[in-house]
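Here are a few notes to read alongside the structure. Keep the view open and follow the points in order.

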Amino acid sequence: MPLVAETISEAFSKFLRAKTPQQWEREEVSKYRSRIYDVLDAEYNVLSFYQSGSFSNGTGISTKSDVDYFAWIPYERKTLRPASLLTSIKNLYKKQLWEAHNVWVSRPTVSIDFRQLITQYEVTPAFYERTGANDQIVFVIPGPGDTWRESSPKAHLKYVRDSDKLHAGKVKGLARLLKAWKYEHSVPVSSFYLEMRAGEYGMKNSEILYPSALSRLMEQMLTHGVRAMNDPMGLVNRISPCGSESDRLTVLASMRRALPHLEAGYAKWMVNDWEASQEYQRVFGSDFPYVLRSG
């Protein structure tokens with residue numbers, strides 16, 4: 001049964017609640033964590049293993065977001081190219097993780113499917129690179145083109161959380177809305193990239209209202225050609241939106257289709273919320289609440 005709201009503001013609130021991972025999802029995640037860790041640790045003597053990504057950052061989408069694990073492995077196990085390490089970890093899980101329905105390499109991770117309601121689990125191997133500003137550790141992880149790229153997940157998590165605190169939770173809401181659009185239209189854009197763009201928007205703007213923020217942020221990304229962004233913390237190399245040029249062009253086309261509806265939704269907001277809701281349904285799908293006609 002479709003959700004119904006009386007205003008666009010209420011519609012966004014209901015939509016975000018519906019897209020937030022539920023308790024049963026958190027319970028399922030905890031059920032598999034130990035097994036995923038134990039198998040890897042027995043072979044690689046893992047130094048640290050923790051959940052990263054949108055599911056743990058409070059920006060995940062229910063039944064859509066993967067569960068990401070970041071595995072810090074001793075440097076002596078680092079290979080010249082990431083592909084050989086990812087293949088070795090995949091083979092290890094295929095042999096030892098009997099509960100898994102499927103295991104495969106999906107750079108920069110090894111993906112695991114237990115054929116449960118959570119879409120999949122992803123394990124990213126990481127190696128210490130250096131300690132940056134404010135004692136933030138910078139790692140290298142597998143990247144595009146079978147190369148190593150820099151990553152500092154805890155530092156970037158803090159950045160998004162600090163931005164979110166300035167806006168009483170609306171930065172994470174903005175990131176979740178962008179990801180809802182991504183999953184609705186199967187857009188090959190990095191969730192991490194969208195999250196960092198939302199965090200940057202929160203740091204640069206004094207107020208976040210979803211109708212205006214969505215259209216302005218997507219317009220900004222389009223203006224810059226959805227290209228890699230500078231790390232706002234200055235810790236790592238540029239943050240890529242996707243894994244290939246063809247994917248970037250697909251993202252551009254998807255954003256160009258979405259932006260007119262976001263702009264129309266913003267223009268109709270508080271003028272005719274029923275018409276605005278029709279525009280947002282074209283962006284987010286039929287799960288976005290239907291606003292009742294007034295009068």
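1. Let's begin with Arg 248, which counts as buried because its relative accessible area is 8%. Please keep in mind that this is a predicted model. Arg 248 forms a salt bridge with Glu 245, and the closest N and O atoms are 2.7 Å apart. Glu 245 is partly exposed, since its relative accessibility is 44%. Both residues sit in helix 9 (residues 245–268), and because they are three residues apart, about one helical turn separates them. Residues three or four places apart in an α-helix point the same way, because there are 3.6 residues a turn.

2. A second pair to look up is in helix 7 (residues 191–204), where Glu 200 and Lys 204 lie four residues apart, about one turn of the helix. Their salt bridge has its closest N and O atoms 3.6 Å apart. Is Glu 200 buried or exposed? Glu 200 counts as buried, as its relative accessibility is 16%, under the 20% cut-off. Lys 204, at 65% relative accessibility, counts as exposed.

3. Helix 10 (273–284) holds another pair. Here the side chains of Glu 279 and Arg 282 meet in a salt bridge, at 4.0 Å from N to O. Being three residues apart in helix 10, Glu 279 and Arg 282 have about one helical turn between them. Glu 279 is buried at 11% relative accessibility, while Arg 282 is partly exposed with a relative accessible area of 48%. This pair belongs to a network of salt bridges that links Lys 268, Glu 275, Glu 279 and Arg 282. In total, the structure holds 13 salt bridges.

4. Gly 285 counts as buried because its relative accessibility is 8%. Which residues is Gly 285 in contact with, leaving aside its neighbours within four places in sequence? They are Glu 184 and Tyr 280. As for Met 203, it is 82 residues from Gly 285 in sequence and 29 Å away in space, C-alpha to C-alpha.

5. Strand 9 (290–291) is followed by a segment that contains Leu 292. Leu 292 has a relative accessibility of 43% and therefore counts as partly exposed. Together with Val 4 and Tyr 290, Leu 292 makes a nonpolar surface patch of about 230 Å².

6. Now for helix 4 (residues 82–96), which has 15 residues. From its first C-alpha to its last, helix 4 reaches 21 Å, close to the 21 Å expected at 1.5 Å a residue. Its buried residues are Pro 82, Ala 83, Leu 85, Leu 86, Ile 89, Leu 92 and Tyr 93. What do these buried residues pack against? Their partners are helix 2 (23–44), strand 4 (102–106), strand 5 (109–113), strand 6 (121–131), strand 7 and strand 8.

7. Two of those partners deserve a point of their own. Strand 7 (residues 137–143) and strand 8 (residues 147–151) run antiparallel and are joined by five bridges. Opposite Arg 149 in strand 8 stands Ile 141. Three residues lie between the strands of this hairpin, and Gly 145 takes a positive phi near 70° there.

Definitions and conventions: Residues are numbered from 1 along each chain as its sequence is written. This is a predicted model: local features need pLDDT of at least 70, side-chain atom pairs count only at pLDDT 80 or more; totals for chains, interfaces and linings use all residues. Side-chain values use heavy atoms; hydrogens and water are left out. Patches are made of residues with over 30% relative accessible area and no salt bridge: like charges are joined within 9 Å, nonpolar side chains (Val, Leu, Ile, Met, Phe, Trp, Tyr) within 5 Å. Accessible areas come from the Shrake-Rupley method with a 1.4 Å probe; for residues, only the protein chains shown count as cover. Helices (H or I, at least four residues) and strands (E, at least two) are DSSP runs, numbered from the N terminus. Buried means under 20% relative accessible area, exposed over 50%, partly exposed in between (1.4 Å probe, protein chains only). Two strands pair if DSSP finds at least two bridges between them. Contact means heavy atoms within 4.5 Å. The expected span of a helix is 1.5 Å times one less than its number of residues.
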